Amino acid sequence: MERSIENLYIWKESRFLVNAIYELMSNCRDYGFKDQIQRAAVSIMNNIAEGCESGSDAKFANFLNIARGSCGEVRSMLYLCEDFGFCTTEGRLELQSQLRKITSGIVNLADSLSAKNS
């Protein structure tokens, strides 16, 4: 069965996250900060996609690990978004909850790839 990014829950959720981050930062004039959080969010989605299309489970797992790191980066930056007044506490918590779900899905998929190749 051929892999498809469009069938991956974590890819779909990361796409929603990217849109939410872009919306959150739409009026931000700190362009360096805005660029960093947007690039980290896009990195989640794109590393899942690149891994899915890489052709091997080992490569896929590596890309998933990178995506997981980007989840942590975005979660961390959301604290600064709140500190700098770009979002409310509730907005931060909502996005961080979404990131935890994506991270959990990434871990589960990586574990299943590892188990499949054991």
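Is phenylalanine 84 buried, partly exposed or exposed? Phenylalanine 84 has 46% relative accessibility and so counts as partly exposed; buried means under 20% relative accessible area, exposed over 50%, and partly exposed in between, with a 1.4 Å probe and protein chains only. The points below take this residue and its surroundings in turn.

1. Basis of the note. This is a predicted model, in which local features need pLDDT of at least 70 and side-chain atom pairs count only at pLDDT 80 or more, while totals for chains, interfaces and linings use all residues. Residues are numbered from 1 along each chain as its sequence is written, and side-chain values use heavy atoms, with hydrogens and water left out. Helices (H or I, at least four residues) and strands (E, at least two) are DSSP runs, numbered from the N terminus.

2. Aromatic pairs. The structure holds three aromatic pairs. Rings of Phe, Tyr and Trp (its six-membered ring) pair if their centres lie within 6.5 Å; planes under 30 degrees apart count as stacked, over 60 as edge-to-face and the rest as tilted. In one of the pairs, phenylalanine 33 and phenylalanine 84 have ring centres 5.5 Å apart and planes at 70°, so this pair is edge-to-face. Phenylalanine 33 belongs to helix H2, and phenylalanine 84 to the loop between helix H3 (57-83) and helix H4 (89-116), so the pair ties together parts that are 51 residues apart in sequence.

3. Phenylalanine 33 is buried, its relative accessible area being 10%. With phenylalanine 86 its ring makes a tilted pair, because the centres are 5.7 Å apart and the planes stand at 40°. Phenylalanine 86 lies in the loop between H3 and H4 and phenylalanine 33 in helix H2, so the pair ties together parts that are 53 residues apart in sequence. Phenylalanine 86 is partly exposed, at a relative accessible area of 25%. Ring pairs link Phe33, Phe84 and Phe86 into a cluster.

4. Four salt bridges are found in a search of the whole structure; a salt bridge is a side-chain nitrogen of Lys or Arg within 4 Å of a carboxyl oxygen of Asp or Glu. One of them joins aspartate 57 and arginine 3, whose closest N and O atoms are 2.0 Å apart. Aspartate 57 is in helix H3 and arginine 3 in the segment before helix H1 (9-24), so the pair ties together parts that are 54 residues apart in sequence. Aspartate 57 counts as buried at 12% relative accessibility, whereas arginine 3 is partly exposed with a relative accessible area of 26%.

5. Aspartate 35 and arginine 39 meet through their side chains in a salt bridge of 3.9 Å, N to O. Both residues lie in helix H2, four residues apart, about one turn of the helix. Aspartate 35 is partly exposed at 38% relative accessibility; arginine 39, at 57%, is exposed.

6. Glutamate 82 and arginine 92 form a salt bridge with their closest N and O atoms 2.3 Å apart. This pair links distant parts of the chain, with glutamate 82 in helix H3 and arginine 92 in helix H4, ten residues apart. Glutamate 82 is partly exposed at 23% relative accessibility, and arginine 92 is buried, with a relative accessible area of 9%. Elsewhere, salt bridges that share partners join Arg3, Asp57 and Lys116 into one network.

7. Asparagine 47 lies in helix H2 (residues 31-52) and is buried, at a relative accessible area of 10%. Leaving aside neighbours within four places in sequence, asparagine 47 is in contact (heavy atoms within 4.5 Å) with Phe63, Ile66 and Ala67. Glutamine 98 is found in helix H4 and counts as buried at 17% relative accessibility. Not counting residues up to four places away in sequence, glutamine 98 touches Glu13, Phe16 and Leu17. From glutamine 98 to arginine 75 the C-alpha to C-alpha distance is 9.6 Å, and the two are 23 residues apart in sequence.

8. Contacts between H1 and H3. Ile10, Ile21 and Leu24 in H1 meet Leu64, Val74, Leu78 and Cys81 in H3.
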